[in-house]
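Me: I am new to reading protein structures, and I would like to go through one slowly with you. Could you take me from the single chain to the contact between chains?

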Amino acid sequence: MSTAVTESAAQQTLSRASAWARRAPLLPALIFMIIITQLPFVATLVISFIHWNALYPNDIGFDWFSNYAAVFTDSSMLKSVLTTVFLTVGVVLISLVIGLLVAVLLDRRFWGRGFVRTIMIAPFLIVPVAAALVWKHAIFNPSYGLLNGTLTWIWGLFGKADSAPQPDWVSAHPLGAVDAALIWQWTPFMMLILLAGLQSRPLDVIEAARIDGATEWQVFRHMTLPHLRQYLELAALLGCIYIVQNFDAVFTITSGGLGTANLPYTIYQTFFEAHDYGQASAAGVVVVIGSMILATFVLRTVSSLLREESR
Amino acid sequence: MTTAALEPTVNRASVSRRRWSSIRTWISAIIIVLWCLLPFYWMVVTSFRDVGYTFDTTPWPTHVTLDNYVTALSTHWGNHLGKALLNSLIIGASVTIIALLVGTFAAYALSRIEFRFKGIVLGVIMGASMFPGVALLTPLFQLFTNIGWMGTYQALIIPEISFVLPLTVYTLTSFLREMPWDLEEAARIDGCTSAQAFRKVILPLAAPAVFTTAILAFISSWNEFLISSQLSSDKTQPVTVAIASFTGSLPHQEPYTAVMAAGTIVTVPLVILVLIFQRRIVAGLTAGGVKG
């Protein structure tokens with residue numbers, strides 16, 4: 001009897017000790033991770049309340065919300081907010097629609113499906129700066145870009161190669177040019193999420209609907225699309241978060257000129273050209289808060305997805 | 001009798017419909033492949049074209065030459081593409097190794113051990129992956145200037161770890177959740193210590209997941225541009241910075257064909273990586289993106 005008691009007590013201390021033995025090596029990793037991911041942001045937050053322009057090193061001091069006031073009254077900042085919204089909404093919507101079409105296609109079985117899927121994810125994993133350079137030079141260039149080359153070729157078919165229109169795409173449609181490059185890059189991301197959604201559909205129910213005489217379109221409209229709703233939301237929100245932060249494409253294709261300066265690019269300018277560290281940090285915090293609001297929606301979508309899966 | 005008579009016509013109709021639909025599928029598939037590959041194709045074709053024929057828009061390779069690659073790799077005009085490739089490799093490898101070491105422990109903790117504030121820790125990590133890099137530029141720039149780290153490797157590696165780590169932990173946690181943990185218990189009952197059980201049973205099983213995460217971490221480090229462009233020097237700049245600031249023999253004129261050659265050099269390793277590991281990459285991307 002008494003041996004049993006001591007045994008169980010010993011077991012308890014043993015299990016507690018082993019629990020700590022298991023946890024202890026993990027703590028440094030967690031702490032390191034929290035420090036390295038959170039500390040710079042805390043520093044940004046602090047600087048955003050400080051009046052600090054590197055050009056006037058003697059004039060540094062705590063300044064409450066004046067940097068934030070400057071962010072919300074500065075006309076170039078406000079304009080860049082609008083640009084960011086247009087850029088993000090355009091890219092997300094169009095890449096979502098194309099991504100859905102491609103996902104529906106890749107959900108079917110056909111010979112070479114694996115190959116098409118591989119090719120499809122390549123644009124997403126390619127160096128973004130290189131992708132932007134390719135679009136800027138190889139596609140949009142007025143004298144030897146692919147677009148104008150194609151126009152010349154089509155006009156050439158009718159024997160009028162010299163009179164083919166040769167627009168300068170980037171100067172004529174700067175935002176459209178950035179949009180196109182980003183859509184090309186982000187469609188695969190949307191497609192992957194939507195394909196995962198398509199493949200988690202309950203196939204027996206769809207089969208039953210088909211047997212009951214539902215057309216392909218009816219199945220898609222009334223069964224697939226409602227099922228995909230959460231996946232569409234998730235893809236759109238994640239896309240928004242990443243594209244709001246986009247810097248590479250804007251920097252490479254237009255260098256922020258011609259009305260394409262989005263918020264990250266303007267912050268970059270405030271930092272490196274105006275040297276206004278305080279205001280740059282405040283604008284950065286505004287971007288973070290905007291992203292966080294989006295992120296809470298993402299988290300909600302993810303958790304409702306998980307709940308549905310476990311049901 | 002009537003059904004027997006009907007069947008062949010029905011079959012023929014459905015066969016022809018199926019054939020038509022598979023032709024449509026094929027046409028769409030070809031359009032997708034073209035849409036994805038044309039920019040690459042044109043980059044490669046331009047990169048092999050003689051500089052004198054830059055404005056030739058023949059859709060297939062003409063005036064093939066390797067001069068552009070020689071120009072791209074030469075250091076004569078202040079470009080350091082060769083060095084930059086090495087730098088990207090050093091930075092990418094360091095970031096991947098450190099992020100995986102820390103990330104594996106953290107992911108194990110998050111998927112296996114119940115503790116208070118777990119939800120908050122996960123939320124904070126997810127949140128960190130959504131911070132825009134540009135918001136961290138000011139303190140990083142200031143900090144590294146103060147401690148004299150500007151232009152060093154560690155000034156590039158440490159911020160990148162902070163970007164890559166959330167992604168690593170996130171992907172690994174979702175993989176580890178689906179591991180057969182009963183095996184670990186079984187190993188411990190058979191007399192393994194928990195460290196042994198982890199090393200001999202769980203780690204080999206988790207290897208594919210860790211490998212997938214490593215590929216994704218490396219790619220995301222290889223692609224980073226904004227932070228590197230500000231915190232690197234000529235000696236430590238990675239490929240993204242090198243090709244964005246590419247200069248040619250003539251001032252004020254962008255060396256298009258050489259830029260395309262440089263683009264090809266930088267892109268090819270990743271394309272090969274993607275082609276070899278595509279199944280794993282897809283698994284990793286969807287695990288991180290959807291399953292949470």
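Me: Among contacts in chain A between residues at least 6 apart in sequence, what percentage join residues at least 24 apart?

Reply: Please keep in mind throughout that this is a predicted model. In chain A, 69% of the contacts between residues at least 6 apart in sequence join residues that are at least 24 apart.

Me: How many helices and strands are there in chain A, and what share of its residues is buried?

Reply: Chain A has 14 helices and two strands. Of the 311 residues in chain A, 47% are buried.

Me: Which helix of chain A could I look at as an example of one that is mostly covered?

Reply: Take helix α13 of chain A, residues 263–272, where eight of the 10 residues are buried. The buried residues of α13(A) are L263(A), P264(A), Y265(A), T266(A), I267(A), Y268(A), T270(A) and F271(A).

Me: Now for the domains: which residue ranges does the domain assignment of chain A give?

Reply: The assignment gives domain 1 as residues 1–47 and domain 2 as residues 68–310 of chain A. Where these two parts meet, four residues of domain 1 are in contact with six residues of domain 2.

Me: How is the size of such an interface expressed, and what is the area buried between the two domains of chain A?

Reply: The size of an interface is often given as the accessible area lost when the parts come together. For domain 1 and domain 2 of chain A the buried area is about 400 Å², with 81% of it on carbon and sulfur atoms. On the domain 1 side, F41(A), T44(A) and I47(A) supply 83% of the area buried against domain 2, which is more than any other three residues supply. Sorted by class, the side of domain 1 of chain A that touches domain 2 has three nonpolar residues, one polar residue and no charged residues.

Me: Into which domains is chain B divided?

Reply: Chain B is divided into domain 1, residues 2–47, and domain 2, residues 70–288. Five residues of domain 1 and six residues of domain 2 take part in the contact within chain B. The area buried between these domains of chain B is about 470 Å², and carbon and sulfur atoms give 82% of that area. In domain 1 of chain B, the residues that lose the most area to domain 2 are M43(B), T46(B) and S47(B), which together make up 80% of what that side buries. The two domains of chain B have zero salt bridges between them.

Me: Why does T213(B) count as buried, and which residues does T213(B) touch?

Reply: T213(B) counts as buried because its relative accessibility is 1%. T213(B) lies in helix α8 of chain B, residues 194–223. Not counting residues up to four places away in sequence, T213(B) touches L100(B), T168(B), T171(B), L172(B) and F175(B). For a sense of distance, the C-alpha atoms of T213(B) and N79(B), 134 residues apart along the chain, are separated by 32 Å.

Me: Finally, how many residues does each chain give to the contact between chain B and chain A?

Reply: Chain B gives 82 residues and chain A gives 85 residues. The area buried between chain B and chain A is about 7800 Å², of which carbon and sulfur atoms give 80%. Between chain B and chain A there are two residue pairs in polar contact, both at pLDDT 80 or more, and zero salt bridges. Helix α1 of chain B, residues 2–47, gives 16 residues, the largest share of the side of chain B that touches chain A. That side of chain B divides into 57 nonpolar, 19 polar and six charged residues.

Technical notes: Residues are numbered from 1 along each chain as its sequence is written. Chains are lettered from A and ligands numbered from 1 in the order in which they are written. This is a predicted model: local features need pLDDT of at least 70, side-chain atom pairs count only at pLDDT 80 or more; totals for chains, interfaces and linings use all residues. Side-chain values use heavy atoms; hydrogens and water are left out. Contact means heavy atoms within 4.5 Å. Buried area is the accessible area (1.4 Å probe) that two parts lose on being put together, summed over both. A salt bridge is a side-chain nitrogen of Lys or Arg within 4 Å of a carboxyl oxygen of Asp or Glu. A polar contact is a pair of N or O atoms within 3.5 Å; within protein, one must be able to donate a hydrogen and the other to accept it, and residues adjacent in sequence count only if both atoms are side-chain atoms. Helices (H or I, at least four residues) and strands (E, at least two) are DSSP runs, numbered from the N terminus. Ala, Val, Leu, Ile, Met, Phe, Trp, Tyr, Cys and Pro count as nonpolar, Asp, Glu, Lys and Arg as charged, and the others, Gly among them, as polar. Buried means under 20% relative accessible area, exposed over 50%, partly exposed in between (1.4 Å probe, protein chains only). Domain bounds come from an automatic or database domain assignment.
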